[in-house]
Amino acid sequence: MFETAKTVATDPLIGLMELYGEDRRADKLDLSVGAYRNNSGEVFIMNAVKEAEARLVKNQTSKSYVGMAGNPQFNAAIENLVLGPLSGDGAMVVRTCQTTGGSAALRLLGEMIAKINGGAKVWVPDVTYANHVPILAASGCRIRIYPYYDPASSELLFEQLLTVLETACEGDVLLVQASCHNPTGANLTRDQWRELTEMVVRKRMLPFFDVAYLGFGEGIDEDMAGLREMAIAVDEAMIAVSCSKTFTLYRERTGAAILFGRDRGSVDRAFGNLIDSARCMYYMPPDHGAAVVAEILTDVTLRSQWERELRHMRERLKSLRTALATCLERFCGDDRFAYLDRQSGMFSLVPVAGRNSAQLREESGVYVPADGRINIAGLAESDIPMLARALCRTPALKSGRS
Ligand SMILES: Cc1ncc(COP(=O)(O)O)c(C=O)c1O
């Protein structure tokens, strides 16, 4: 049977990681993989996580099964973190399932949409996280694309977004990244969230929020403000949460799928469909990452330590953005990269798509995927001049066609 298998295209980021591993240059720079590095280039573990892990090792007495929805303390704490005051609002019914990372939350929610309302279209921004369309399409969702970002001006295409979404039907699903948009770093303003909310309510669409960089933009509550404003205005919504970056738990595969609505019976039935997908796919999620997050979020000391560490990461990320934009202005002689400082989160796009990214890799040892997404959180301060010089040398920039 295996001989009849067709070759499947591998994730291009994995190919780039392999090339990087084989590269013998000492001053090579990997800006492709989405992990937060400290100034020494390490993908470190937060101290709050290390402390929570030590407590778990000491106090855990059983590895017995927990249940298909996972750890109830984790689920309650994540609801509270994401929804804030809304999670205790008696008018809303909230159901949460712990998942194996944000990816499994996307998959379970996608399958739930396809099972409950196969006719619904799921509207996805152009551009978006590289796995959104593959995961949602594999879940059985019907994908439609809405305009989001113009790489030429480095601005959102908000008017075009509204125009295209006018063609959506009642019951269609709108996928929105709550903050720190991957890969553009360009986010809706508060006014734009309001305008989009008005449209979602008027057209009776269903918001599907993806929360993967909570706390990396302006702060925990600030990053969730748009989501909460839209959530309170609609009858039903769903959220995929990833704890990978926010808790430095990447390989522990920790996340959550949240449903909320106003009618208890409907939310419970939808949640039953979601849990059934988990049962048929992997039965129960792994324990460790969620137990760590629950320990952190339910302990006053650990929580404030985690918030301090997250604030430090956020502030460092902002200062890296400012330093990179300033350095690029010096090297390029104009402010075409000023947008890097206005955007937020780990990623932004630079105009080195396609063969320019290969040239950047071959000539300067800078590893950037073909879409031009750079992981600013992968930089050390000392890398910035080298990156700026390399970017300014790429043909598209040299000829001013960026
Ligand atoms: C926007 C977005 N959603 C979801 C995910 C998936 O996260 P996880 O690694 O927890 O599966 C990512 C990961 O990079 C992401 O960028």
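## Around the ligand

Let's start where the ligand sits. Its shell has 14 residues, and those that come nearest are Ser 103, Asp 210, Tyr 213, Ser 244 and Arg 253. Please keep in mind that this is a predicted model.

Sorted by class, the shell around the ligand holds 7 polar, 4 nonpolar and 3 charged residues. Helix α4, which spans residues 101–116, provides the largest share of that shell, with 4 residues.

## Polar contacts and burial

Both side chains and backbone take part here. Asp 210 places a polar side-chain atom 2.6 Å from a nitrogen atom of the ligand. Lys 245 has a polar side-chain atom 2.9 Å from an oxygen atom of the ligand, while at Gly 102 a polar backbone atom is 2.8 Å from a ligand oxygen. On its own the ligand would expose 390 Å², and the protein buries 92% of that area.

Which space does the ligand take?

## The enclosed cavity

The structure has 1 cavity of 30 Å³ or more, and the largest cavity contains about 30 Å³ of space.

The lining of the largest cavity is made up of Ile 78, Leu 81, Leu 214, Val 241, Ser 242, Thr 246 and Phe 247. Two elements, α3 (72–83) and β9 (236–242), each give two or more residues to this lining. By class, the lining of the largest cavity has 5 nonpolar and 2 polar residues, with no charged ones.

Technical notes. Residues are numbered from 1 along each chain as its sequence is written. This is a predicted model: local features need pLDDT of at least 70, side-chain atom pairs count only at pLDDT 80 or more; totals for chains, interfaces and linings use all residues. Side-chain values use heavy atoms; hydrogens and water are left out. On a 1 Å grid over the protein atoms alone, a cavity is a set of points where a 1.4 Å probe fits but cannot get out, and a pocket is an open set with protein on both sides within 12 Å along at least five of seven lines; lining residues have an atom within 4 Å of a point. Grid points are joined across faces, edges and corners, and a volume is the space filled by probe spheres set on the points. Ala, Val, Leu, Ile, Met, Phe, Trp, Tyr, Cys and Pro count as nonpolar, Asp, Glu, Lys and Arg as charged, and the others, Gly among them, as polar. A residue is near a molecule or strand if one of its heavy atoms lies within 4 Å of it. A polar contact is a pair of N or O atoms within 3.5 Å; within protein, one must be able to donate a hydrogen and the other to accept it, and residues adjacent in sequence count only if both atoms are side-chain atoms. Accessible areas come from the Shrake-Rupley method with a 1.4 Å probe; for residues, only the protein chains shown count as cover.
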